[in-house]
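Here's a quick briefing to read alongside the structure. Have the viewer open and follow along.

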Amino acid sequence: MKRFMNIEPSPALRAFLTLLPFIIALFAYSIASEARLAENPHDKLLPSFTQIADAVDRYAFTENKRTGEYLFWQDTGASLYRIGLGITISALIGLFIGLCNGLLPTLRAGLSPFITIISLIPPMAILPILFITFGLDELAKVMLIIIGTAPVIIRDMQSQVMQLPQEQLIKAQTLGASTWQVAIRVILPQIMPRLLASVRLTLGAAWLFLIAAEAIAAQEGLGYRIFLVRRYMSMDVIFPYVIWITTLAFAMDFSLRKISEVCFPWYHQGAK
Amino acid sequence: MKRFMNIEPSPALRAFLTLLPFIIALFAYSIASEARLAENPHDKLLPSFTQIADAVDRYAFTENKRTGEYLFWQDTGASLYRIGLGITISALIGLFIGLCNGLLPTLRAGLSPFITIISLIPPMAILPILFITFGLDELAKVMLIIIGTAPVIIRDMQSQVMQLPQEQLIKAQTLGASTWQVAIRVILPQIMPRLLASVRLTLGAAWLFLIAAEAIAAQEGLGYRIFLVRRYMSMDVIFPYVIWITTLAFAMDFSLRKISEVCFPWYHQGAK
Amino acid sequence: MSFLEIKNVWKSYGDAQILERLNLTVKQGEFVSMVGASGCGKSTFLNMLLGKEKQTKGEILLEGKPLVQEPDEERGIVFQRYSVFPHLTVLQNVMIADEFSNAKLLGFVFGKKKAEIKAKATEFIDAVGLTPALNKYPHELSGGMQQRLAIAQALMKKPKILLLDEPFGALDPGIRADMHVLIRDIWQKNNLTIFMVTHDIKEGFELGSRVWVFDKLRHDPQAPNAYGAQVTYDLDISSETNKSDSKMKIDELSTPSSNPIMQEEKA
Amino acid sequence: MSFLEIKNVWKSYGDAQILERLNLTVKQGEFVSMVGASGCGKSTFLNMLLGKEKQTKGEILLEGKPLVQEPDEERGIVFQRYSVFPHLTVLQNVMIADEFSNAKLLGFVFGKKKAEIKAKATEFIDAVGLTPALNKYPHELSGGMQQRLAIAQALMKKPKILLLDEPFGALDPGIRADMHVLIRDIWQKNNLTIFMVTHDIKEGFELGSRVWVFDKLRHDPQAPNAYGAQVTYDLDISSETNKSDSKMKIDELSTPSSNPIMQEEKA
Amino acid sequence: AETKDKFSVCWSIYVGWMPWDYGDSSGIIKKWADKYDIEIDVVQFNDYIESINQYTAGQFDACTMTNMDALTIPAANFVDSTVLIVGDYSNGNDGVVLKDKKELKDIKGQQVNLVELSVSHYFLARALESVGLTERDIKVVNTSDADIVAAYSSKDVSAVVTWNPALSEITPQPSATEVYDSSKIPGEILDLMVVNTETLKANPKLGKALVGAWYEIIGKMTTDSKMRTEMAVASGTDLAGYDAQLATTKMFYTPKEAVSFTTDMQLAKTMENVAKFSFKHGLLGESAPDFGFIGIETPAGIVGDKSNVQLRFDPSFMQMAADGKL
Ligand SMILES: Nc1ncnc2c1ncn2[C@@H]1O[C@H](COP(=O)(O)OP(=O)(O)OP(=O)(O)O)[C@@H](O)[C@H]1O
Ligand SMILES: Nc1ncnc2c1ncn2[C@@H]1O[C@H](COP(=O)(O)OP(=O)(O)OP(=O)(O)O)[C@@H](O)[C@H]1O
Ligand SMILES: [Mg+2]
Ligand SMILES: [Mg+2]
């Protein structure tokens with residue numbers, strides 16, 4: 001008998017094991033849901049799968065009477081726009097400041113401790129200031145995402161730049177490169193894949209801030225809808241929205257990884 | 001003239017540069033505050049430093065008439081207890097499942113994809129479900145922290161275990177170690193410092209979830225107080241609380257790093 | 001019955017044939033050096049001896065019985081790197097070998113048993129010359145000292161076979177010379193059977209009582225993975241006469257043009 | 001006026017004295033090999049020549065003028081590792097050297113200029129034998145090929161001095177031999193002045209026209225950092241006669257007991 | 001439901017509900033619970049909606065809420081609920097505030113920030129009716145009540161609908177004009193203590209204890225400023241601030257007032273309005289064919305479907321208090 005740590009499951013067993021927890025979760029849910037519905041058929045806390053399907057149909061495939069739009073897709077569009085914009089701006093800020101900080105000791109001395117402190121402030125606690133400074137429309141939501149994620153990306157980029165082998169920077173200088181040339185020809189291309197990795201890591205936080213911002217003031221968006229229907233406990237709507245958000249988060253993570261693999265083959269050599 | 005990237009600021013200049021952004025921030029605040037207060041002396045958005053000091057005095061150094069307690073310290077105690085408990089449990093769960101997942105291919109096949117999906121669900125979106133499932137006392141708040149941080153720690157621990165050199169695991173087996181012995185004598189001690197690092201990384205998220213949880217159901221706590229006085233926009237209370245939270249977050253991060261350095265000198269060899 | 005018998009062993013990973021038609025026997029107490037181009041399958045072969053990989057075809061018999069299909073105490077190993085536990089001191093690194101067998105449940109031993117193990121471990125540490133560094137962590141040791149430690153560890157279990165995968169590959173030439181003295185000494189004193197992979201042909205001839213050269217005999221330029229490597233030379237250099245005979249072989253193998261090790265350079 | 005003059009140079013980091021009383025002159029076209037125990041300050045010395053570190057006392061003159069205090073085009077360098085840019089192909093890695101000087105603002109060149117640079121780069125790549133790998137990324141190259149690339153890069157700038165810090169330290173012995181042929185060839189063809197740190201004394205003697213041995217003459221057991229290393233031997237081995245004279249030196253230095261390289265082993 | 005002797009009650013921070021906090025901390029509730037030999041656990045919520053959701057999900061036996069939320073959350077989820085205590089109605093506690101505009105009519109075409117689908121939303125609909133406008137004439141932006149003060153200070157916001165204490169933070173600002181307040185629709189926004197009907201039926205002791213405690217507390221609070229100071233601090237303000245909020249709240253300090261309000265014809269009319277509004281906004285559930293889908297029982301008669309009564313105004317316990325029978 002082999003040690004447990006040496007047992008590699010066969011592909012078929014592996015597939016089965018992968019599905020198992022999902023099946024158990026679904027099964028547990030349906031039992032709990034049926035039990036609750038048997039007690040009170042109008043209970044909304046754990047809706048049946050048909051009720052959920054109904055809600056999906058209503059939100060995603062039926063025109064809203066008042067606006068003529070499909071609520072679900074409208075919410076998705078609004079949220080994706082916000083998170084896309086927010087994370088893009090964060091990435092650009094992170095890239096720029098992180099690169100400069102990592103490369104230039106003088107700048108780093110000034111900015112690095114300040115950014116460390118800033119990154120520790122929980123953005124949720126200073127929401128009122130954000131509203132008043134940035135207003136209540138799209139800008140505020142995007143700003144919350146930026147404030148929540150940019151310091152993390154800056155710090156990550158800075159440490160990534162500092163982890164590049166000193167040898168390369170010296171080599172570039174012996175080839176006659178100026179600071180500017182080192183920045184754009186040696187460092188920038190090398191930290192691009194790391195930027196993507198960093199963005200992937202902060203995506204979770206970005207979704208959190210997006211939902212929080214939409215919960216506080218919005219007219220559409222996935223987070224808005226969840227917190228609005230919470231007013232009448234429509235779990236049949238909340239569940240598909242949560243699953244949808246999870247799917248979107250997964251898709252974004254996945255595509256960022258793929259982009260990185262395609263664009264920066266030299267970065268992923270170790271993963272072979 | 002040296003390249004900018006080669007200029008190292010002297011210690012004195014470095015200290016000055018470090019303080020500079022803080023000084024600028026304070027200065028900018030006091031100007032903005034004075035301008036607003038000149039326009040409307042009752043403005044609460046940017047209170048003067050004296051107003052803030054008053055509020056600190058009221059909350060931290062004046063006995064609450066009703067309970068005979070000091071609100072500020074009571075809030076601090078409650079929040080620290082929750083975050084401490086939450087993050088400790090998260091760390092233990094993360095350590096245990098992460099270690100097992102990393103070491104045992106069979107278990108990993110079953111749990112790893114499931115946990116990846118779970119970690120993508122934004123906990124904010126399922127807050128209502130959480131509260132109903134776990135009730136409302138301390139447990140719910142601690143659970144939110146756990147649900148928000150444990151999957152991340154599990155995944156991190158798992159990948160850390162898998163990154164340990166295969167050579168070590170084989171060596172241990174040639175010395176006659178069983179799976180259990182490999183786990184507790186070879187892997188466990190080596191991932192302890194990595195666990196601390198992982199906890200440090202998730203602390204930010206833990207604070208976020210703590211504040212979110214306290215905002216919804218609590219009778220004390222730093223996040224509770226901030227949300228309570230937010231209705232009155234009492235920035236004179238919010239500011240010191242935010243600064244205090246930031247300080248606590250910094251202190252926790254700092255002490256975790258120190259603990260790791262003292263307890264696991266062999267892990268920090270590279271940092272020398 | 002030979003000590004180790006390798007009978008018509010083939011090994012492939014998916015479509016790629018790595019090794020083929022290996023038929024070899026080894027007597028107890030031999031020191032087999034294995035050389036060959038990078039990627040030709042030397043480590044794979046060692047992994048089969050170790051039980052980490054399973055041959056695709058054929059069988060390997062140790063004292064007449066098929067090899068256990070996972071690493072165990074019968075076979076010790078020293079890798080080029082990472083063979084010691086970074087979180088344990090030198091003494092702890094060596095003691096752990098016997099702690100494993102004595103504390104199946106707790107993983108730790110106490111009291112008298114511990115003192116016994118400590119005494120035994122100290123002996124082995126002394127044998128590899130690490131006594132002055134008894135309480136140091138691996139990161140405080142030089143590369144050579146880490147390898148000595150790995151050897152001491154492996155010896156604690158009195159393995160039937162000792163496997164070395166480029167054990168001195170990461171060391172400076174001066175330190176290598178010292179290690180050669182040490183390993184030859186240990187081999188002779190313990191009557192070990194040793195298999196050592198090396199990139200340094202000279203080292204292979206210097207230490208081994210037998211040298212195996214791995215190379216592909218058959219090669220299909222259209223499908224470079226279609227054929228595996230075999231042992232193309234099996235040189236017995238245990239006696240002095242054989243040794244001088246083999247000198248020519250070394251020189252032949254060392255000229256860059258015919259050197260199998262150089263093949264990966266011809267990108 | 002000598003090509004390079006080192007006048008009473010001392011170097012310390014904080015309390016630790018690393019190097020002391022260095023007085024050396026080097027003529028253009030010399031190949032200086034530097035050997036010495038690990039941590040004795042060879043890389044530090046190279047860093048001073050490079051302009052990355054500043055001597056604490058004394059001065060270093062290149063063609064009579066003090067050395068520029070940061071790395072520049074006059075001095076090329078090849079490290080043991082990481083000397084090439086992983087995100088550029090072989091061709092791009094070599095071309096970038098001239099792109100730096102031709103596109104101060106954009107960092108990229110286009111059109112005719114680019115074709116010119118490409119032609120020049122191809123020549124240098126050919127000189128180090130990398131033409132077949134023109135469009136490969138460094139991670140697709142073997143260690144030896146990466147070092148060839150690093151050399152080609154450095155040559156593009158026609159540096160007055162070429163600094164090599166254990167350039168072949170991470171290579172297999174067989175590949176080292178090839179690299180030796182290459183570097184000697186390049187040295188002679190380009191009339192370069194080369195400084196090479198190595199851990200392999202044989203390599204140092206084989207390649208250098210001059211060998212410097214770094215060692216501490218003074219040693220205070222109470223304060224191991226109180227004194228720095230000096231150049232204890234300065235051997236001219238440019239002519240064949242000198243070379244055979246020095247053979248004895250090699251042997252003397254190579255016996256483990258007196259070998260300075262071995263000192264770090266005596267923990 | 002079965003009889004039991006442990007109950008939990010939740011409440012959230014609002015001027016008219018602060019007595020529950022006082023009752024909890026001063027031990028008055030415990031005193032009354034002991035009297036009926038039961039235990040009552042009082043839990044405070046920061047988030048109002050969460051408290052109602054928890055009650056609806058069955059985690060609590062009783063909860064404080066407004067009449068509209070009682071209809072649209074527990075009742076619409078078929079959790080049969082009984083209004084045990086009518087504590088007060090908003091008499092100026094809710095308001096429509098415009099920035100740099102003086103009249104309600106000017107709201108036309110603006111974005112209005114409020115907690116969507118809440119009682120504020122209903123209040124806005126009533127306000128619009130009064131000047132002949134409808135919801136189509138404006139655009140609603142959902143804004144969290146905790147952040148509405150900050151929102152008002154933002155340049156994007158020109159109109160808000162909110163309640164105290166936020167309202168009293170906004171109105172003093174120079175640019176703000178309160179163009180409509182709830183004193184114009186007295187008796188429509190009610191603050192209630194709602195109990196699960198089945199639980200109450202099986203355990204009348206719970207109703208008696210809660211009602212008894214409630215009237216003991218509020219009976220004293222008009223004269224006891226120390227008591228009001230405590231409530232003020234707990235709600236995050238000071239005595240002056242709290243008194244100002246009380247001034248715009250019509251508290252039923254005596255059970256008699258509350259009983260006579262509940263038995264009035266007007267209550268049925270109000271609830272019909274609320275039901276109509278709720279139906280229009282889909283708050284009664286997707287399966288509701290009309291506003292009367294969920295029956296509301298008042299002493300003056302049943303509004304809507306008599307066979308599907310889910311919300312009941314029951315003055316009997318307050319009557320006992322009025323009669324001194326507790
Ligand atoms: N687990 C594996 N799956 C697929 N291919 C493998 C695996 N392990 C090794 N290989 C392939 O088998 C071949 C032989 O590898 P091996 O490591 O045995 O070579 P080696 O002779 O030890 O080379 P080196 O001298 O570089 O250590 C290589 O082409 C390698 O890519
Ligand atoms: N930046 C620095 N600050 C402080 N001490 C340093 C610094 N760089 C090197 N040293 C110390 O100076 C000494 C000489 O280091 P150096 O790298 O020059 O040695 P070396 O001869 O190149 O060794 P090796 O053969 O291992 O490369 C060492 O003790 C090292 O710890
Ligand atoms: Mg190998
Ligand atoms: Mg060095």
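Predicted model: local features only at pLDDT ≥ 70, side-chain atom pairs only at ≥ 80, totals over all residues.

Chain A and chain B bury about 5,300 Å² between them, and chain C has an open sheet of four strands.

**Where chain A meets chain B**
- On the contact count, 56 residues of chain A touch 55 residues of chain B.
- Carbon and sulfur atoms give 78% of the buried area.
- A:M5, A:T106 and A:L208 stand out: they supply 13% of what chain A buries against chain B, more than any other three residues.
- Polar contacts do turn up, with 14 residue pairs between chain A and chain B (both residues at pLDDT 80 or more).
- Several helices of chain A each put at least two residues on the side touching chain B, including helix 1 (11-39), helix 8 (179-216) and helix 10 (235-263).
- That side of chain A splits into 43 nonpolar, nine polar and four charged residues.

**The sheet in chain C**
- The strand order is 2-1-4-5, and the pairing is antiparallel.
- Strand 2 (16-26) and strand 5 (65-66) of chain C sit at the edges with a single partner strand each, so one side of each has no neighbour in the sheet.
- Strand 5 of chain C pairs with strand 4 (residues 57-62) over two bridges, and C:P66 is the bridge partner of C:L61.
- Helix 1 (residues 42-50) of chain C packs on the sheet, where it touches strand 1 (4-13), strand 2 and strand 4. The direction of this helix makes about 125° with that of strand 1 of chain C.

Notes. Residues numbered from 1 in each chain as written. Chains lettered and ligands numbered in written order. Heavy atoms only, no water. Pairing = 2+ DSSP bridges. Contact = heavy atoms within 4.5 Å. Axes fitted to C-alpha atoms, helices over the stretch in contact; angles between N-to-C directions. Buried area = accessible area lost by both parts, 1.4 Å probe. Polar contact = N/O pair within 3.5 Å; in protein donor to acceptor, adjacent residues only side chain to side chain. Nonpolar A, V, L, I, M, F, W, Y, C, P; charged D, E, K, R; others polar.
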